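Q: I would like to learn how to read features from a structure. Can we go through one together, step by step?

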Amino acid sequence: MQITLLCNSQLHPVNEWLEHWQSKHEQEHDILLCRDQRELPGGDLLFLVSCSQIIDENIRNRYKYTLVLHASDLPQGRGWSPHVWAILEGAKAITVSLLQAEDSVDTGAIWAKRSFPIPKDALYDEINRCLFETELMLMDEAILLVKSGMKPQPQLKSIKPTYYRKRTPEDSEIDATQPLNKLFNKIRVMDPCRYPAFFHLHGHTYTIKLKKVKNNESD
């Protein structure tokens, strides 16, 4: 198969996982990792992974299938950064949906879903690991489903869609007057490199980076 992976940001932590997936399957498939829709050559499968661009029908028609990986149980949680918003709302598990790309964001038919738990002590990198592993499993599953001739199922109309807005840097601001046990859930989902948690105090701005240490490391 000719497979293209589209991830717009070179700084996104999923890239390491996509490169691993590419290497794992390079003997079976011709796989290209692209950064911009203008680079897309066409082929059998296009995976949109942490993709911020809207891929219109003209570009989708270059491929037999254009599939999106979206970290919510669609039709609930359409929009941006769904797993972050869900964890902030108290979610104990995240469902990742594999869906057909359409002009309207996150509205396409569903190919498959997989879920994983979110331990209450997990930090952003541990959450990412669970998320990315689940996404790669869905990509593997997508190849099998396409080969089998299976057709995706429309999203359930009986469930009212919900939407998340795009996050901004201001969403990472922490209220320094609140106790740490109330702030922990928000701080732990912030990417300390790209979107660090921060607060203002004494005329300065401070960023926060959490690191989980073993008991003997803190002695």
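The dialogue below goes from the whole chain to single residues.

A: This is a predicted model, in which local features need pLDDT of at least 70, side-chain atom pairs count only at pLDDT 80 or more, and totals for chains, interfaces and linings use all residues. Residues are numbered from 1 along each chain as its sequence is written, and side-chain values use heavy atoms, with hydrogens and water left out.

Q: How many helices and strands does the chain have?
A: Helices (H or I, at least four residues) and strands (E, at least two) are DSSP runs, numbered from the N terminus. The chain has five helices and ten strands.

Q: What radius of gyration does the chain have?
A: The radius is taken over C-alpha atoms, and the globule rule is 2.2 Å times the number of residues to the power 0.38. For 219 residues a compact globule would come near 17 Å; the chain has 19 Å, which agrees. The C-alpha trace spans about 60 × 40 × 30 Å along its principal axes.

Q: What share of the residues is buried?
A: Buried means under 20% relative accessible area, exposed over 50%, and partly exposed in between (1.4 Å probe, protein chains only). Here 45% of the 219 residues count as buried.

Q: How is an aromatic pair described?
A: By the distance of the ring centres and the angle of the planes. Rings of Phe, Tyr and Trp (its six-membered ring) pair if their centres lie within 6.5 Å; planes under 30 degrees apart count as stacked, over 60 as edge-to-face and the rest as tilted. The count comes to five aromatic pairs. One of them is W21 with F47: the centres are 6.0 Å apart and the planes at 80 degrees, so this pair is edge-to-face.

Q: Which parts does the pair of W21 and F47 tie together?
A: W21 lies in helix α1 (residues 14–25) and F47 in strand β3 (residues 43–48), so the pair links parts 26 residues apart in sequence. W21 is buried at 1% relative accessible area, and F47 is buried at 0%.

Q: Stacked or edge-to-face: how do the rings of Y65 and W111 pair?
A: Their centres are 5.6 Å apart and their planes at 85 degrees, so the pair is edge-to-face. Y65 is in strand β4 (residues 63–70) and W111 in strand β7 (residues 110–117), so parts 46 residues apart in sequence are tied together. W111 is buried, at 5% relative accessibility.

Q: Where do charges sit over rings?
A: The test is NZ of Lys or CZ of Arg within 6 Å of the ring centre and within 35 degrees of the ring normal. K166 lies over the face of W80, 5.0 Å from the ring centre. R167 has its charged end over the ring of W85, 4.6 Å from the centre.

Q: Buried or exposed: how does H70 count?
A: H70 lies in strand β4. H70 is buried, with a relative accessible area of 5%. Contact means heavy atoms within 4.5 Å. Leaving aside neighbours within four places in sequence, the contacts of H70 include G77, P82, T95 and D106.

Q: What is the backbone of D106 like?
A: D106 has a positive phi of about 65 degrees, although it is not a glycine. D106 is in the loop between β6 (93–100) and β7 and is buried, at 9% relative accessible area.

Q: Which residues does a cis peptide bond join?
A: L74 and P75, with omega about 15 degrees. P75 is in the loop between β4 and β5 (78–79).
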